[in-house]
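We will go from stop to stop, picking residues and seeing what is around them.

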Amino acid sequence: MMNTSAHSLERDCGWRRPLSTKDWLAIVDEIGPKFAVGADERDANDTFVADHYPVLKETGLVSALVPEDLGGGGASYTTMAAILRRLGYHDSSTALAFAMHQHLLAFQAFNHRNGLPAPLLPRVGNENIVLVSTGARDWLESNGKVERAEGGYHVSARKSFASGSPAGAVAVTSAPYDNPTEGPQVLHFGVSLSAEGVSLDNDWQTHGMRATGSGTIVMDRVFVPDAAISVARPRGGFAPLFNLVVGVAMPFITGVYVGIAEKAIEIGLGLAQKRATDPAVQWSVGEALSALKVAQTLHAEMVRMTNDLDFTPSIEKTTQFFMLKAHAVEQAKKAVEASMDASGGAGFYRVNGLERLLRDVRASHYHPLPLQQQVFFSGKVGLGLDPA
């Protein structure tokens with residue numbers, strides 16, 4: 001697609017690793033406009049952004065969050081949050097699919113920082129593999145069927161919303177297991193997407209985010225060895241594991257939608273100029289800008305709370321992340337909707353790109369936790385109850 005490898009960028013531009021946030025964003029702003037080309041066609045045809053992944057690998061973005069000593073770019077969590085937000089501005093589908101890989105990487109980076117196992121970090125750093133998450137649909141209870149086998153388990157399941165799976169190498173997933181001695185459990189593990197019994201169901205035909213490749217991963221009696229089980233936790237109740245998952249995932253995912261709102265306002269303001277003296281247009285523009293500022297501020301607070309992965313996960317922080325996420329994306333949606341109002345009839349035409357962003361930003365509701373569920377979750381935590 002283009003010759004923008006990290007090494008060539010260093011040679012041509014004088015950059016040396018570790019790159020600064022400014023340098024990484026310069027890479028995003030170089031490749032981003034090219035990623036945006038064809039977005040409408042991909043949206044219309046439900047076509048995955050497959051051509052973008054070789055570029056993400058060549059530029060070092062796939063492994064940017066991996067520490068340098070493990071073969072990566074050594075970018076900070078804060079830098080990656082900025083990368084994803086800016087990528088969301090350029091191409092929402094690429095950004096969202098990429099955020100799924102990056103939040104799994106951030107989980108591993110947190111473990112590495114704290115002396116815990118992080119086996120996927122060096123693989124991403126040295127092999128440039130892409131990780132795929134299935135956690136959103138699984139949430140606490142998970143789904144599927146697990147049977148004990150010699151040396152491991154046979155797993156059968158359908159894992160929906162697996163964004164980026166056509167480009168992925170490893171799915172990080174889970175499944176419920178009725179342990180005969182310890183009772184109902186959820187097993188967490190990674191599985192190769194090329195393993196026997198694994199297939200991808202091309203069922204991602206949706207309202208928005210159509211190019212994310214978020215189809216269902218199908219596992220038909222896939223063998224998962226004992227050594228691949230990273231966590232075996234009780235099924236039922238809130239698992240402390242998710243305090244870390246939420247802490248590293250929500251700022252990345254939320255940033256994508258803030259980036260979408262930033263692009264939508266840019267388009268909406270451009271279309272509104274011909275009607276700038278109309279008080280209704282002035283109101284809509286003011287509403288859009290106000291909502292965006294709130295979304296940006298809430299997102300910045302989420303990133304601050306992660307403190308570049310130097311934080312202690314807790315249920316108190318988890319409910320804060322959920323509150324900030326829920327309200328940040330609500331404001332992002334409001335910003336895009338107001339931009340559509342400001343644009344008048346022109347925004348209704350697909351050629352201007354605004355109506356696609358309006359559909360894409362609505363996907364923000366479906367990431368844990370939707371606003372209504374977040375309110376109940378936070379209420380339970382406030383009352384000292386199990387929020388599950």
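By class, which residues make up the lining of the largest cavity: how many are nonpolar, polar and charged? Three are nonpolar, one is polar and six are charged (Ala, Val, Leu, Ile, Met, Phe, Trp, Tyr, Cys and Pro count as nonpolar, Asp, Glu, Lys and Arg as charged, and the others, Gly among them, as polar).

Before selecting anything, note that this is a predicted model, in which local features need pLDDT of at least 70 and side-chain atom pairs count only at pLDDT 80 or more, while totals for chains, interfaces and linings use all residues. Residues are numbered from 1 along each chain as its sequence is written, and side-chain values use heavy atoms, with hydrogens and water left out.

**Stop 1: the largest cavity**

Select A39, R42, D43, D91, S93, M209, R210, A211, R356 and D360, which line the largest cavity. A cavity here is a set of points, on a 1 Å grid over the protein atoms alone, where a 1.4 Å probe fits but cannot get out; lining residues have an atom within 4 Å of a point. The elements giving two or more residues to this lining are α3 (39–45) and α12 (354–361), and α3 has the largest share, three residues. Helices are DSSP runs of H or I with at least four residues, strands are runs of E with at least two, and both are numbered from the N terminus. The space inside is about 60 Å³, a volume being the space filled by probe spheres set on the points, which are joined across faces, edges and corners.

Now pick D43, in helix α3. D43 is buried at 7% relative accessible area (buried means under 20%, exposed over 50%, partly exposed in between, with a 1.4 Å probe and protein chains only). Its side chain makes a polar contact of 2.7 Å with that of R359; such a contact is a pair of N or O atoms within 3.5 Å, and within protein one must be able to donate a hydrogen and the other to accept it, with residues adjacent in sequence counting only if both atoms are side-chain atoms. Beyond four places in sequence, D43 touches R210, R356 and R359 (contact means heavy atoms within 4.5 Å).

**Stop 2: the second largest cavity**

Next, select I265, G268, L269, V285, A288, L289, A338, S339 and A342, the lining of the second largest cavity. Helices α9 (241–272), α10 (279–306) and α11 (315–343) each give two or more residues to it. This lining has seven nonpolar, two polar and no charged residues, around about 50 Å³ of space.

While in α10, select A291. A291 is buried, at 2% relative accessibility, and touches Q331, K334 and A335, leaving out residues up to four places away.

**Stop 3: the largest nonpolar core**

Select L61 and Y257, the residues with the most contacts inside the largest nonpolar core, which has 93 residues. Such a core is a set of buried Ala, Val, Leu, Ile, Met, Phe, Trp, Tyr and Cys residues joined through side-chain atoms within 4.5 Å. Its largest share, 16 residues, comes from α9.

**Stop 4: backbone details**

Most residues other than glycine have a negative phi, and most peptide bonds are trans. Zoom to P368 and L369, joined by a cis peptide bond with omega about -10°. Then try F161, which has a positive phi of about 60° without being a glycine; F161 is in the loop between β3 (152–159) and β4 (170–179). Finish at R221 in strand β7, a non-glycine with a positive phi of about 50° that is partly exposed at 44% relative accessibility.

Terms used
1 Å grid on protein atoms, 1.4 Å probe; cavity = no way out; pocket = protein on both sides within 12 Å on 5 of 7 lines; lining within 4 Å.
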